[in-house]
Amino acid sequence: TGGKDRRSGLILTIPLCLEQTSMDELSVTLDYLLSIPSEKCKARGFTVIVDGRKSQWNVVKTVVLMLQNVVPAEVSLVCVVKPDEFWDKKVTHFCFWKEKDRLGFEVILVSANKLTRYIEPCQLTEDFGGTLTYDHMDWLNKRLVFEKFTKESTSLLDELALINNGSDKGTQQERERSIDLNFLPSVDPETVLQTGHELLSELQQRRFNGSDGGVSWSPMDDELLAQPQVMKLLDSLREQYTRYQEVCRQRSKRTQLEEIQQKVMQVVNWLEGPGSEQLRTQWGIGDSIRASQALQQKHEEIESQHSEWFAVYVELNQQIAALLNAGDEEDLVELKALQQQLSDVCYRQASQLEFRQNLLQAALEFHSVAQDLSQQLDGLLGMLCVDVAPADGASIQQTLKLLEEKLKSVDLGLQGLREKGQSLLDQISNQASWAYGKDVTIENKENVDHIQGVMEDMQLRKQRCEDMVDVRRLKMLQMVQLFKCEEDAAQAVEWLSELLDALLKTHIRLGDDAQETKVLLEKHRKFVDVAQSTYDYGRQLLQATVVLCQSLRCTSRSSGDTLPRLNRVWKQFTVTSEERVHRLETAVAFHSTAEKILQECPEQPEAFNEMDQFDEIEAVGKSLLDRLTVPVVYPDGSEQYFGSPSDMASAAEHIREKMKLVGLKKQQLRQPEATTPES
């Protein structure tokens, strides 16, 4: 109970009951209780209180005798508390007194109310009239906690010591095997430590009975070894647990390092194995846009598989960086080597994927340009294969311009194809740098031959189109010239018609005298020369049209109509011109004769003898007047007058006036002839 006798020896109370008491169990219990105090405390001896008030004398006697065998050296006094109404005093006193020397300790048979003679009341519980507070169930519960803590902590210490000592063995293999076998303790160290701290706290507060006030008893104080033992166990536990945590940390770090190393090797082995094999089998570039797109799709699938491993690489790289930042010198070299190996392989594989992607993109662009160029060449060829049937020279010029634009577009397309092809060839030539020692010359030769074949085929097709364009250009230029000749010939007909119209409408004067008439005749000849040049120009153009039609193997749509028109207008002009010349020549003769007659003097006798001149001039004048009234008759039977009737009347009036003057002159010449015979 924690109570002490007057010699400071501990008081051991044995309460007996009416039920049968097992001596074996009691012996074990006493052994256990006597093992609790320290040796120093045991040396002061024990006072045993045997509470026999509820038991039989024979049982009490047996218990007292058993104390001889259990604790003979430690027991100094045995106080048997007797019932008030039972047991024979003499017998009991006599029995204990007779056995005193053999027992080795004094036995006193005493009533409960007389027990204070031997033990202070403050050291006795309420059952014996004392004031010592004691709760046996509380003591028992706390003792069980202490025993459990002691047992668990001791076992845990052994386990932790085994684990920690195993981690300190010489070889790495032994250390790992020892840790593997004994790594996890049977109980949780944190739980045991918490239990010990709670127990120590209660021991230090001396409140095991749960009372809230007054001085509480201390059945497990320092003298009973509870608090020092708990503190010692806690210290040992903390020390071993700290070492254990370090062992766990080291093993966790080693495990993490091994896991990282294992994952690194998984990434490296896959990238250098299946990943590289996937790239080795993908060397083609396709022979069309669709084939290149299919290869790109396949490459995207390969990239998707690589992305999963690259994600693992990123995670591993972060883990390695975290471990490097932790600063464990012993692992820095190994971690850096793993990081470098992982980075080299991943970057090399990523570069290969990027190179392959760029190569396929370049191939797709090359085939796209080739397809566009092929379509342009097909369109140009289709345009060249269609026969040209333009309506006029302007449409031919437009068609020719469109042809030149298409040819220029083809040139640009071929130039772009060559640039794309050369860029693709350059990339293919660099492919051997990441082939992992694999000879890709044969495989690349197929790609190179395909690219060069496409460019050569496009060059030949373009050359054929250029040759056809040259022929078509020449033909179209000849057609332009043909249309130009036809237009110019029609223009010549128009010009000649205008000259004819001008001849009829404006060339009507016959002159007032011989000199003026001669000037008009000279101008008329020049006018005729212009008309002749126009006619000859038209004839030459029509002849050129015939030659061009023969060269183009086509019939002109207008030359057949233009030539008859030209000839018809020219004949009309010729007839009109001849009529004009005839009138002017008649007018010159008329004016010359009239002027000669009118200028002769009457004194000239020869003038009077030539009267026949007057008759001649009258005849010429009448003939001229008659021509002025007669229309020009063309070969086709049509007629056309010079000028207007008023213009012709004015010219005729002038001729009549001059004829009157000639007539007056004639009369003057006849009068002297008549007067001479009379004289």
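Lys-658 counts as buried, because its relative accessibility is 11% and the cut-off for buried is under 20%. This comes from a predicted model. Lys-658 has a partner: it forms a salt bridge with Glu-595, with the closest N and O atoms 3.9 Å apart. The pair links distant parts of the chain. Lys-658 sits in helix α18 (residues 645-678), Glu-595 sits in helix α15, and 63 residues separate them. Glu-595 counts as partly exposed, because its relative accessibility is 22%.

Glu-579 and Arg-627 join their side chains in a salt bridge (3.0 Å, N to O). This pair, too, links distant parts of the chain: Glu-579 is in helix α15 (residues 559-599), Arg-627 is in helix α17 (residues 612-629), and they are 48 residues apart. Glu-579 is buried at 16% relative accessibility. Arg-627 is partly exposed at 25%.

Now move to helix α6. Here a salt bridge joins the side chains of Lys-142 and Asp-138 (3.2 Å, N to O). Both residues lie in helix α6, four residues apart, which is about one turn of the helix. Lys-142 is buried, with a relative accessible area of 18%. Asp-138 is buried as well, at 13%.

Helix α6 spans residues 136-167 and also holds Leu-144. Leu-144 counts as exposed, because its relative accessibility is 51% and exposed means over 50%. Together, Met-137, Leu-140 and Leu-144 make a nonpolar surface patch of about 280 Å².

How many salt bridges does a search of the whole structure find? The search finds 24.

Methods. Residues numbered from 1 in each chain as written. Predicted model: local features only at pLDDT ≥ 70, side-chain atom pairs only at ≥ 80, totals over all residues. Heavy atoms only, no water. Patch = residues over 30% accessible without salt bridge, like charges linked within 9 Å, V, L, I, M, F, W, Y side chains within 5 Å. Areas by Shrake-Rupley, 256 points an atom, 1.4 Å probe, with all protein chains shown as cover. Salt bridge = Lys/Arg side-chain N within 4 Å of Asp/Glu carboxyl O. Helix = DSSP H or I, 4+ residues; strand = E, 2+ residues; numbered from the N terminus. Buried < 20%, exposed > 50% of the residue type's maximum accessible area, 1.4 Å probe, protein only.
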